[in-house]
Amino acid sequence: MSRKLSEVTSALFDSQDVDAKELDDVLNDEQSAQTWHRYSVARAAMKNELDSSVELDISQRVSAAIENETSNVIKPGFGQSKSQNKAASKWFQPLAKVAVAASVAVVAVMTVQVYQQPVTADGVSAEPALLTNPIGGREPVSLNHVEPMSQVSDQQRRRQVQSYLIDHQQQLMLQQKESDEKKEQELNKGN
């Protein structure tokens with residue numbers, strides 16, 4: 001099909017105006033008619049308007065393409081005889097299993113290493129700077145350890161509250177230091 005007929009077919013499909021001569025050329029050309037049919041079937045399928053009466057028989061074209069292909073059949077085996085093949089497969093199968101197991105082990109180790117130590121593009125660890133365990137060996141606040149009020153003296157409660165305040169202050173200082181370092185890095189990148 002010529003380029004001109006292809007453009008006319010496309011224009012007709014897009015509901016554009018064409019000359020009567022160009023329309024006759026498209027209707028008289030067998031290849032243009034087949035193209036028009038394929039386009040209309042594709043459009044109907046995309047709009048979910050495809051009738052069940054439309055027959056799409058491609059079996060002849062597929063069988064012709066299969067006949068035209070060259071037959072390059074590779075026969076399994078390693079040697080000339082069955083005994084050589086059998087001996088080779090006795091060695092090959094265990095080696096293949098070991099290779100697969102080794103590959104899986106390498107992938108597992110590499111994955112664990114990557115996920116345990118995330119690093120940013122700058123080479124700095126992406127781990128948070130916040131400490132999750134309190135400083136000084138005290139129990140975390142979320143621990144449900146309750147002592148009766150009569151056994152805890154006011155002085156012990158004051159020390160405990162003071163230690164929590166000190167821990168909180170240290171956490172804030174670490175956060176501030178980290179944000180200052182990030183700002184400094186961003187300024188250095190800009191220069």
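The model is predicted. The chain contains six helices and zero strands, and its elements follow the order α-α-α-α-α-α from the N terminus. Of its 191 residues, 8% count as buried.

**Overall architecture**

- The accessible surface of the chain amounts to about 17000 Å², and carbon and sulfur atoms contribute 55% of that area.
- Among contacts in the chain with a separation of 6 or more, 42% are between residues 24 or more positions apart.

**Helix 3 and its surroundings**

- Helix 3 comprises 17 residues. The distance from its first C-alpha to its last is 25 Å, close to the 24 Å expected at 1.5 Å a residue.
- The buried residues of this helix are Ser32, Thr35, Val41 and Ala44.
- The cover over the buried residues of helix 3 includes helix 1 (3–13) and helix 2.

**Helix 6**

- Helix 6 spans residues 154–190 and has 37 residues. From first C-alpha to last it reaches 54 Å, close to the expected 54 Å at 1.5 Å a residue.
- Ser163, Asp167 and Gln171 are the buried residues of helix 6.

- The chain has three salt bridges in total. Side chains of opposite charge can pair when their charged atoms come close.
- Glu22 and Lys4 form one of these salt bridges, with their closest N and O atoms 3.0 Å apart. Because Glu22 lies in helix 2 and Lys4 in helix 1, the pair ties together parts that are 18 residues apart in sequence.
- Glu22 belongs to helix 2 (residues 20–28). With a relative accessible area of 19%, Glu22 is buried, because the cut-off for that class is under 20%.
- Lys4 has 47% relative accessibility and therefore counts as partly exposed.
- Leaving aside residues up to four places away in sequence, Glu22 touches Lys4 and Val8.

**Salt bridges within helices**

- Arg3 is exposed, its relative accessible area being 66%, whereas Glu7, at 43% relative accessibility, counts as partly exposed.
- In helix 2, the side chains of Asp25 and Lys21 form a salt bridge at 3.5 Å, N to O. Asp25 and Lys21 are four residues apart in this helix, so they too are separated by about one helical turn.
- Asp25 counts as partly exposed at 33% relative accessibility, and Lys21 counts as exposed at 61%.

**Nonpolar surface patch**

- Ile58, Val62 and Ile66 make up a nonpolar patch on the surface. Together these residues have about 270 Å² of accessible area.
- Ile58 is placed in the loop between helix 3 (30–46) and helix 4 (59–68). Its relative accessibility of 46% puts Ile58 in the partly exposed class.

Note on methods:
Residues are numbered from 1 along each chain as its sequence is written. This is a predicted model: local features need pLDDT of at least 70, side-chain atom pairs count only at pLDDT 80 or more; totals for chains, interfaces and linings use all residues. Side-chain values use heavy atoms; hydrogens and water are left out. Helices (H or I, at least four residues) and strands (E, at least two) are DSSP runs, numbered from the N terminus. Buried means under 20% relative accessible area, exposed over 50%, partly exposed in between (1.4 Å probe, protein chains only). Contact means heavy atoms within 4.5 Å. Accessible areas come from the Shrake-Rupley method with a 1.4 Å probe; for residues, only the protein chains shown count as cover. Patches are made of residues with over 30% relative accessible area and no salt bridge: like charges are joined within 9 Å, nonpolar side chains (Val, Leu, Ile, Met, Phe, Trp, Tyr) within 5 Å. A salt bridge is a side-chain nitrogen of Lys or Arg within 4 Å of a carboxyl oxygen of Asp or Glu. The expected span of a helix is 1.5 Å times one less than its number of residues.
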